[in-house]
Amino acid sequence: MNDGSAHRSGHGSGRGPGEGAVVDDEGAPGPGAVSERARVLSAEPVGAYARLVLAAPRSAATARPGQFAACSTGDSGMLLRRSFSISSADPATGELVLVVAAAGPGTARIAALREGDVLPVLAPLGRPFALPPAGEAVVLVGGGYGAAPLAWLGAALRARGSSVDLVVGAGDARRLLAQDTPAGTASAPVDRVHVATEDGSAGVRGRVTDVLTGLLAEPAGGSAASPTGSRHVLACGPMAMLRAVHEVAGAAGAATQLATEESMACGIGVCMTCVLPVVGDDGRTRMLRACTEGPVFDGDRLRWDAIGAPAPQRPPGTGARVPEDAVGAPAPLPPAGGDAVQPGSVPGSAPGARS
Amino acid sequence: MSAVVEMSVDLAGARLRSPVMTASGCAAAGRELDAFTDVAALGAVVTKSVMLAPRSGRPTPRMAETPSGMLNSIGLQGGGVDALVEHDLPWLVERGATAVVSVAGGDPEEFAEVARRVAGAPGVAALEVNISCPNVANRGLVFACDPGSSAAVLGAVRASVGDDVVLLAKLSPDVTDLVAVARACLDAGASGLTAINTLLGVDVDVRTMRPRLAVTTGGLSGPAIRPVAVRCVWQLRAAMLAGLLPEAPVVGAGGVASGADALQLVLAGASAVQVGTAVFADPTTPGRVAEELAAMLAERRFTSVADAVGYAHRP
């Protein structure tokens, strides 16, 4: 039940849930999502991150690029799972690969897992990337560990005859991922890899959008000299990067699919914490769950005017307000004056200027 | 051994096959959870509080993890009562599940109208009247903080649905005199009580030196509040035993993540229990809690869960 979206079939992004859909039309996790005690087959550092190969045959059986795994922190006193984009999955071997960034005490526990440890996972969760029409050129963009699923995604695209450019970027070389993805050979997952770091410690000095601008400037159709001409950009990374990618792509007439990274408690669509304002097929905005109706959204459908709370209230790029025209949005507030605040109210829990 | 324990319960006339339910707001309307726990085996799916119209909820961040718990400030996001009746309740019926529908409103009239639209729907065993949601824009609307406001809501709902519908009043622990609020609810027409809703809290991010929730305050839930829930259930049961409160079933909620947690609430006086935040950590929890509770009752030689209700109060 989600702001009336229950009335609609599909969630209104205008794209299907992709091949091998594991999400039903109500946004609930489909039969592919399972709870599984995965065994760590190997754990190794990759730059600033930890790469975990898990034995998780039931999850690996149906996982698609763009989907994620919600992982327990064990007996840590931290209740909630940590969600990571699935880096790859192999139904034949039952292996599920995650790349984990130790961003806090919970993720640090997962990043510190060793071979033989057990990690409870819920996976695969969320809607995968929808694969653009076979044969069309695609640019994949990853920021930091957001690049985790892109080689896997590239392989799926190349198998359909698409030309694939992979753009990876980070603040510095240590936080890059997938920069060594094999490229150009018949069996490689991508055609070309482009690297950008803000400090210039690897690839070009700059941001992924600097590279993307150049790639999209090439004429559609591409050639050996002008390689891309892509009209499809699929990206994964922090919200500020996704916004910039969407702006650059939009200016070049390219469509975007953006894998968002929202704070979430459950990962399966019951808690309603991970919502984003998204425009539906009917033109109306609803607060949709990133875990089940995303995490991959059509960039044109995200309400960028409402995403990223205004400074200085929060760190840049975090949070979303409820647009005034959203379905079920609060009625406009009476003029300021404090008369709406009743005795016993807690300062700060009164109607906020931003909602 | 556990097979010999009678696990069905009677909540003021509502017959449930198990004492273990989900908690409102922690299971949506059951559909998402069904992939991980058999919702038809639960005592009930308590659906997320529903209001008359679709509701967007509050801005994000809406969640902050805290030690053994979390704060949430969802703000009752949902599709409205008609969507629930047309769409979600039929699914629960088809699935063979029992529904307890949590109803909410901005005033007693809205509560009454929502309840009226839900009460006659198939598969609804009871209504839970959510007078205690802390995530409303105005603390003056937390009806459960005041006996008079609580009675106004329960009275309006009772008049709206008639005498035959089982009504549970969901109480807030953030009150000075819990028994007085409970008495007001029961006198106004509640059939039973659910204790407890979340506790109001604030978490400050020391890095940004700002509150972590977009709207500052949120409801605290999870194992961190379990002793508060046990205390509230204990207090209600003790008041009934002392003749200070009419006899009525109490549904315990707050921090239940295991059979032992559920048994604590039962022994303190709960006729049934709800599993809430633990579902976020592990959606298989409700089924596991029910199995563990049955086994623990058997080990203690109870032949029915009803016999264990309030057992910790024995002389």
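User: What kind of model is it?

Analyst: It is a predicted model.

User: How many helices and strands does chain A have?

Analyst: Chain A has five helices and 15 strands. Of its 355 residues, 55% are buried. Among contacts in chain A with a separation of 6 or more, 66% join residues 24 or more positions apart.

User: Moving to chain B, why is helix α6 described as largely enclosed?

Analyst: Helix α6 of chain B spans residues 259–268, and nine of its 10 residues are buried, so the rest of the structure largely encloses it. The buried residues include B:Asp261, B:Gln264 and B:Leu265.

User: And what covers those buried residues of α6(B)?

Analyst: The cover includes α5 (226–241), α8 (285–299) and α9 (305–308) of chain B, and also the strands β3 (20–22), β15 (250–253) and β16 (272–275) of that chain. Just past α6(B), B:Gly269 has a positive phi of about 135°.

User: New topic: at what angle do α3 and α4 of chain B cross?

Analyst: Their axes cross at roughly 25° and come within 8 Å, with α3(B) covering residues 147–161 and α4(B) residues 178–188. Angles under 35 degrees count as roughly parallel, and α3(B) and α4(B) are therefore roughly parallel to each other. The crossing is right-handed.

User: Which residues make the contact?

Analyst: On α3(B), they include B:Pro147, B:Leu154 and B:Arg158, and on α4(B), they include B:Val181, B:Cys185 and B:Asp187. The residues of this contact divide into eight nonpolar, two polar and two charged.

Notes: Residues numbered from 1 in each chain as written. Chains lettered and ligands numbered in written order. Predicted model: local features only at pLDDT ≥ 70, side-chain atom pairs only at ≥ 80, totals over all residues. Helix = DSSP H or I, 4+ residues; strand = E, 2+ residues; numbered from the N terminus. Buried ≥ 20, exposed ≤ 12 C-beta atoms within 10 Å, placed from the backbone. Contact = placed C-beta atoms within 7 Å. Axes fitted to C-alpha atoms, helices over the stretch in contact; angles between N-to-C directions. Parallel < 35°, antiparallel > 145°, perpendicular 65-115°, else oblique. Left-handed = near helix turned anticlockwise from the far one by under 90°. Nonpolar A, V, L, I, M, F, W, Y, C, P; charged D, E, K, R; others polar.
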